[in-house]
Amino acid sequence: MLSAEKIREMKVFSKQVQMEVVKMIAGLGVGHLGGSLSITDLLSVLYCNQMRYEPKNPRWEGRDWLVLSKGHAGPALYATLALKGFFPVSELATLNRPHTNLPSHVDRTKTPGVDMTCGSLGQGASAAAGIALALRLDHKDNRVFAVFGDGEIDEGQVWEMALFAAQRKLSNLIAFVDYNKLQLDGTTDEVCALGDITAKFREFGWYAQEADGHDVAAINTAIENARAQSDKP
């Protein structure tokens, strides 16, 4: 059960991330504002309460992994990492500028704390499942958290991964679909209606739930529910 203090901490942190995202994108004059802001509450729960990590040792072998498959939402992750001490907050002003370590889409070779390079939609899904399987084969208890966009799951690669992860019973993989109902060319209903996303993942063999993506307590409960079972991703 979350304490009132912890809930407040996560809400405040999410607002801090949002402010940094707005400053970054406003300073640059262009960027994925909506797609970044829609995941700040999720990132707050992960980095304030759920994930194991060491800001001064980003490649710590005992860490949990985050795969931001919707890599265009990098500003939200950059702000989160900076505020948690992975690199100075002042570096946020270099977003997507020449010689930056904070490119438009997340890049593990450039940014401390970024575990997987993502941007080509769908590929992060396969990477997350591969990491989860590798950790399982190495008998490690690290978890992999993956974040997909709702438009991203138009990609067939996501559903190939979903079948694979269920077949391998990768319960150490916890994925989130950011259902903000928008993608590059319009609403998800206009471009390619998604139907019942939760039912689809269940049919593909996943333990699937719905949670309010702007309610930190609800997100945390969903993660705890996922952690409590050991047979399904």
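Me: What makes β1, β2 and β3 an open sheet with parallel pairing?

Reply: The three strands lie in the order β1-β2-β3 with parallel pairing. Strands are DSSP runs of E with at least two residues, helices are runs of H or I with at least four, and both are numbered from the N terminus. Two strands pair if DSSP finds at least two bridges between them. Four bridges join β1 to β2, and six join β2 (residues 144-149) to β3 (residues 173-178), so each pair meets the definition. This is a predicted model, in which local features need pLDDT of at least 70, side-chain atom pairs count only at pLDDT 80 or more, and totals for chains, interfaces and linings use all residues. Residues are numbered from 1 along each chain as its sequence is written, and side-chain values use heavy atoms, leaving out hydrogens and water.

Me: Why are β1 and β3 said to stand at the edges?

Reply: β1 (65-68) and β3 each have a single partner strand, so one side of each is left without a neighbour in the sheet.

Me: Which residues stand opposite each other in these pairs?

Reply: Trp65 stands opposite Val144 in β2, and Gly149 stands opposite Asp178 in β3.

Me: Why is the β-α-β crossover from β2 to β3 called right-handed?

Reply: The chain goes from β2 through helix α6 (residues 156-167) to β3. A crossover is right-handed if, with the strands pointing away from the viewer, the path from the first strand over the helix to the second runs clockwise. This crossover is right-handed, so its path runs clockwise in that view.

Me: How do you know whether Gln50 is buried or exposed?

Reply: Buried means under 20% relative accessible area, exposed over 50%, and partly exposed in between (1.4 Å probe, protein chains only). Gln50, in helix α3 (residues 40-50), has 5%, so Gln50 is buried.

Me: What makes the pairing of Gln50 with Asn220 a polar contact?

Reply: A polar contact is a pair of N or O atoms within 3.5 Å; within protein, one must be able to donate a hydrogen and the other to accept it, and residues adjacent in sequence count only if both atoms are side-chain atoms. The side chains of Gln50 and Asn220 are joined at 2.8 Å, so the distance falls within the limit. The Gln50 side chain also makes a polar contact of 2.8 Å with the side chain of Arg227.

Me: What does Met161 touch?

Reply: Contact means heavy atoms within 4.5 Å. Leaving aside neighbours within four places in sequence, the contacts of Met161 include Phe148, Leu173 and Trp206.
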